[in-house]
Structure formats: structure tokens, C-alpha cells
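Biologist: Before I plan anything around these chains, I would like to go through the coordinates with you. Please show me the sequence and the structure.

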Amino acid sequence: MVLELTPEEREMLDGKHGKATRKAMEIITALGEIYGAKRLIPVSSVQIAGVSYDNLGEAGLEYLSEMAEDGQTMVLTTLNPAGMDMLEWKKHGISPDFAEMQQRVVDAFEKMGVVTTCTCTPYLIGNLPHYGEHIAWAESSAVCFANSVVGAFTNREGGPSALAAALTGRTAEYGLHLEENRMAQVKYEVRADLKDTDDFGLIGQVIGNRTGKLIPYIIGISKASTEELKSFSASVATYGGVAIFHMEGITPNRTTVPEKTEIITKSDLDAARAQLDDEGAEIDFISVGCPHASIKEIAQVAEMLDGKSVTEGKTVWITTAKPTKDLAIKMGYYDKIEKAGAFLVADACCAVAPLKGRFKGLMTDSAKACFYARGKNKFKTEIRTIEECIKEAVR
Amino acid sequence: MQGRKIFRGKVTGEALVTGDDISFYGGCDPETGEIVEKNHHLEGKSVSGKILVFPSGKGSTVGSYVLYALKKANKAPLAIVNKTMDPVVAVGCIISEIPAVDQIEIDKIKTGQKIEVDADNGVITIIED
């Protein structure tokens with residue numbers, strides 16, 4: 001065996017720290033061996049995916065319950081979105097049966113010591129690593145944001161492997177934990193004016209589709225807000241296989257700069273938009289907040305909805321993290337949104353909630369949301385700016 | 001044939017072999033074990049109770065939980081033999097305790113052959129044709 005373990009790690013593998021820890025260590029060492037890791041390294045933060053009961057099913061819940069019998073997290077661990085708002089699910093049309101199973105999933109995580117944040121943007125609400133920190137995150141958009149925008153080090157974990165890292169406080173040292181694997185491989189020059197989160201989503205789609213698994217080095221973007229980088233991270237990871245990107249003048253990682261340059265123009269952006277705009281989409285569902293909306297985005301939406309009312313036959317979900325929703329309540333944004341007939345939904349999102357068959361067409365500012373709406377929920381889609389989405393809602 | 005242990009166990013059974021990669025999430029029915037991916041070489045066949053031999057896994061990380069669901073429904077493959085193990089399948093085998101070996105020249109195994117998988121030692125033996 002190439003992979004060397006410390007005496008404590010060996011004890012974990014031998015079952016001296018309990019059943020769940022043993023299983024967790026089996027997962028971590030197996031992945032380490034598959035990828036040729038020489039050792040395990042400590043991680044200081046974990047983000048777990050695979051939380052919505054809609055994706056997990058009964059078997060997934062059973063596995064989590066089994067792990068929760070004696071498993072305990074060793075480091076700060078937060079959770080991806082669930083399939084519903086854990087408090088206000090009823091008024092969003094979620095069935096009591098689903099709610100019961102979803103609650104059991106979250107309870108199992110809580111029993112293990114996971115902070116049950118239920119958000120895909122842990123970095124906005126208290127799980128924010130620093131530059132160079134080794135972490136083990138699942139949720140492709142957050143992985144991409146952490147690696148690229150923050151400069152933390154993480155592979156793209158799956159649900160069980162992220163949980164395994166939480167229970168052992170370790171991960172195998174391979175892939176993006178090694179500096180040499182984080183270097184850019186293709187240069188992209190963006191020759192288009194990017195205005196809003198939807199444009200950043202579309203540019204992520206273009207680069208994701210082209211780059212596949214090659215790490216991009218992007219030039220030509222002079223500034224980007226946190227919200228725009230959040231949108232770009234989600235999209236580039238959804239449409240491509242990359243978990244890290246470099247953006248000149250914006251992201252902090254050191255890298256060599258590839259020679260080969262590909263140009264991206266306004267017409268590429270238009271083509272990407274056309275791809276996500278289904279013909280004859282009958283919009284009855286409007287969702288903003290994939291990845292979860294920041295307080296700034298919620299303030300913007302609340303301002304636009306103030307004194308208006310959502311057109312009959314349309315459902316509007318603004319999705320966010322629970323602490324951000326609490327802040328929105330305090331600031332009066334929640335009232336403005338809900339009085340207009342829209343919902344400020346915490347903990348969940350339009351991609352992981354059990355929505356199949358409920359709507360015909362989704363309008364959103366998120367290229368990632370379009371991907372899941374079409375594949376998983378069979379909705380038609382249109383991608384617009386947040387402003388246009390809200391205008392459509394109250395038209 | 002000497003390969004590499006991914007998850008422990010020793011079983012003997014009938015091989016089901018394909019040259020196509022398998023995505024368990026969306027590609028295999030978690031209740032019946034039937035391969036449902038359109039145009040897959042094994043479409044319509046069940047992996048249940050077989051020693052499933054395929055090149056590698058593909059697709060979503062939720063695939064690990066599909067193997068676990070199969071195990072709970074008593075529809076899991078008896079063992080998994082791969083050319084190159086993919087992490088989704090590896091994690092699936094570990095959480096479901098399905099014996100698994102990789103780095104095997106899988107084209108030397110034929111569907112219907114009785115084979116022994118000694119995952120502890122990473123050894124595959126063809127017992128009879």
C-alpha cells in the first residue's frame with residue numbers, strides 16, 4: 001500500500017473509534033488509493049451535499065441514519081439545501097409525507113453534529129474558509145467558489161465522501177489539494193460586456209461547455225461582484241467538469257498562464273442564451289436564488305416587488321439560506337416580497353425541491369437552475385436578469 | 001487474474017459483462033436492479049445477484065446511494081469487477097459492502113462464466129465456462 005496512515009488513522013480504520021468512523025475511513029482510504037495519494041491531510045471545514053429527500057430516497061435516509069448511530073463530526077460541517085423550507089413548507093405546496101421524510105434526513109445530520117444550514121452558499125453564512133485552507137466540500141458551485149474565489153483547497157466531493165471527511169476530520173491528499181494540479185490549462189479571452197448575474201451564468205456555460213475538464217484562465221473581465229462570481233461558479237461547474245478557474249485580476253490563486261487562447265464574443269453569449277430559451281415556454285414559475293440569494297439580491301427583489309402583486313397563475317420563489325431569510329425579515333424585505341404574493345423560501349431551491357410536474361415553464365437568472373429544471377423536472381426555461389424575472393412575475 | 005482490492009469479501013457467481021460504462025444514478029433502477037439507460041449494452045438486463053463486470057462508472061455522485069438502495073432491496077450485484085474504478089462506484093461498494101476489485105483485464109471474462117472474486121487479495125479466477 002502506497003498510502004501511509006498515522007497510528008490514529010489506522011485505529012479509525014480498524015474500528016476503534018466506532019462503526020461510522022470506520023466506514024468513513026474506508027471511504028477516504030479507498031479514494032486515496034484510487035487516486036494514488038501518499039497520505040491523508042486534516043481538513044478544517046466540510047460542506048455536505050445529498051440532503052434533499054427527493055434525491056436521497058429511502059435508501060439514502062437509511063444510510064444516514066445508520067451513520068448517525070455513532071458518527072460525530074470532528075470539524076465545522078454545514079449542509080446543502082433540503083427539498084423544502086424546513087419551517088414554511090406547507091404554504092409552498094410540499095406534501096406532509098415528503099416533509100416528514102425530509103425532517104428525518106436533517107435530524108440524522110443534526111445528530112452527527114452537522115450545522116444544518118441547508119444552503120449551497122455556506123460561504124455567505126459562516127462557513128468561509130481562508131486562502132490556502134484545506135477543506136472537503138461537496139456541492140459543485142460552492143466547491144468552485146471556494147477553490148477559485150477564496151483560494152481554499154478542495155476536491156469535488158460527493159455526499160458520502162464529504163460526510164466521511166466530516167467524521168474523520170481528514171481527506172486524502174490528491175487532485176486539487178496539490179498545488180501542481182491547480183494550474184490553468186486553457187486561456188479564454190472574453191470580448192463581451194457582462195452586465196448581470198445571468199450574463200455571468202451564460203459565460204460560465206460557454207466556458208464550461210468548451211473547457212470540459214481543462215482548468216480555465218479567463219481574461220477580459222474587469223470586475224465582478226460576489227453575486228456574479230457565485231453565478232459563474234455554479235454555471236461553469238454545471239456545464240463543465242472543472243472545480244477551479246482563474247480570472248485575471250479577480251481571483252487570488254497563483255498559476256502559470258497558458259499560451260493557447262480562445263476568444264469568447266457577444267455572439268457566443270447570445271448563442272448560449274438561445275440554448276436556454278425554449279421556444280413557446282409558458283412561464284408559470286419564476287425563481288431567483290440559484291445559488292442561494294444574498295441579502296443584497298433579496299433587497300433588490302423586495303424593492304421591485306414593493307406595492308406590486310404577482311400575476312395570477314404564476315408562482316415566485318426567491319430562495320435563500322435561513323440566516324439570510326431571518327435578516328430579510330428584520331429588514332422588512334420578507335414582508336414586501338410575501339405581501340406581493342411571492343415566497344421567500346429558505347433552505348431549499350428550485351433544483352432540489354420535489355417540483356416535477358408542478359410547473360410548465362421556469363424563468364430564472366441562473367444558467368444552473370435551467371439545467372436542472374430541464375433535465376430533472378422537465379420544465380421549459382427562459383434565462384433573464386433578476387429585474388426581468390420580477391417584471392415577468394408582476395406583468 | 002491479479003487486480004486491486006477496493007472493498008473486501010469473497011464470492012463465487014455468474015459473470016455479467018459489458019464494455020459500456022455504467023451510471024447507476026438514472027441508469028439503473030434502484031428497486032429492481034435493471035439497467036434502464038437507453039441504448040446501453042445491458043439495457044433491460046438485471047445486475048441483481050450477478051458478478052457485474054464493466055470498464056468504469058460514470059455520472060452523478062448520487063449513484064453511490066443507488067448501489068446502497070439495491071443492497072437494501074436485495075437486488076445488488078454479488079460483486080463488482082472493473083477495469084478502472086471510479087469514485088462514485090467505489091464509494092457505493094464501500095457503503096453497501098459489495099466486494100469490488102479493479103485493474104482487471106475485463107475482456108478476458110465472458111457473460112455466463114462462473115467466476116470467483118477474492119477481493120481481499122484482489123484476485124479473479126474463472127472457475128468454469
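This is a predicted model: local features need pLDDT of at least 70, side-chain atom pairs count only at pLDDT 80 or more; totals for chains, interfaces and linings use all residues.

Biologist: How many residues of chain B are in contact with chain A?

Modeller: The contacts can be counted from either side. Chain A brings 20 residues to the contact, and the number from chain B is 19.

Biologist: Which side chain of chain B meets A:Glu66 in a salt bridge?

Modeller: The count between chain B and chain A is four salt bridges. A:Glu66 takes part in one at 3.6 Å, N to O, which is inside the 4 Å limit for a salt bridge. The partner in chain B is B:Lys72.

Biologist: How many residue pairs are in polar contact across the interface of chain B and chain A, and which elements of chain B give two or more residues to the side that touches chain A?

Modeller: With both residues at pLDDT 80 or more, the rule finds six residue pairs in polar contact. The side of chain B that touches chain A has 13 nonpolar, two polar and four charged residues. The elements of chain B giving two or more residues to this side are β1 (4-7), α2 (63-72) and α3 (87-96).

Biologist: Which residue in β14(A) is the bridge partner of A:Gly361?

Modeller: β13(A) runs parallel to strand β10 (residues 285-293) of chain A, with three bridges between them. There, A:Phe285 has A:Leu362 as its bridge partner in β13(A). β13(A) is also joined, again in parallel, to strand β14 (residues 380-383) of chain A by four bridges. For A:Gly361, the partner in β14(A) is A:Lys380.

Biologist: In the open sheet of three strands in chain A, which strands stand at the edges?

Modeller: The strand order is β3-β2-β4 (chain A), and the pairing is parallel. An edge strand has a single partner strand, so one side of it is left without a neighbour in the sheet. The edges are β3 (76-79) and β4 (136-137) of chain A.

Biologist: Which residue in β4(A) is the bridge partner of A:Gln47?

Modeller: Strand β2 (residues 45-48) of chain A and β4(A) run parallel and are joined by two bridges. The bridge partner of A:Gln47 in β4(A) is A:Trp137.

Biologist: Why does A:Lys314 count as buried, and which side chain is joined to its own by a polar contact of 3.3 Å?

Modeller: A:Lys314 sits in the loop between α10 (295-305) and β11 (315-320) of chain A. Its relative accessibility is 17%, and the limit is 20%, so A:Lys314 counts as buried. The side chain of A:Lys314 reaches the backbone oxygen of A:Ile283 at 3.0 Å. The side chain in the 3.3 Å polar contact is that of A:Glu392.

Biologist: What is the relative accessibility of A:Ser235?

Modeller: A:Ser235 belongs to helix α8 (residues 226-239) of chain A. Leaving aside neighbours within four places in sequence, A:Ser235 is in contact with A:Gly201, A:Gly204, A:Gln205 and A:Ala367. A:Ser235 counts as buried, at a relative accessibility of 1%.

Biologist: What is omega for the cis peptide bond that joins A:Cys290 and A:Pro291?

Modeller: A:Pro291 is placed in strand β10 of chain A. The bond between A:Cys290 and A:Pro291 is cis, with omega at about -10°.

Biologist: What is phi of B:Glu97, and what is phi of B:Gln103?

Modeller: B:Glu97 lies in the loop between α3 and β5 (100-102) of chain B, and B:Gln103 in the loop between β5 and β6 (114-118) of chain B. B:Glu97 is partly exposed at 41% relative accessible area, and B:Gln103 is partly exposed at 47% relative accessibility. Neither residue is a glycine, yet phi is positive: near 55° for B:Glu97 and about 65° for B:Gln103.

Terms used: Residues are numbered from 1 along each chain as its sequence is written. Chains are lettered from A and ligands numbered from 1 in the order in which they are written. Side-chain values use heavy atoms; hydrogens and water are left out. Contact means heavy atoms within 4.5 Å. A polar contact is a pair of N or O atoms within 3.5 Å; within protein, one must be able to donate a hydrogen and the other to accept it, and residues adjacent in sequence count only if both atoms are side-chain atoms. Ala, Val, Leu, Ile, Met, Phe, Trp, Tyr, Cys and Pro count as nonpolar, Asp, Glu, Lys and Arg as charged, and the others, Gly among them, as polar. Two strands pair if DSSP finds at least two bridges between them. Buried means under 20% relative accessible area, exposed over 50%, partly exposed in between (1.4 Å probe, protein chains only).
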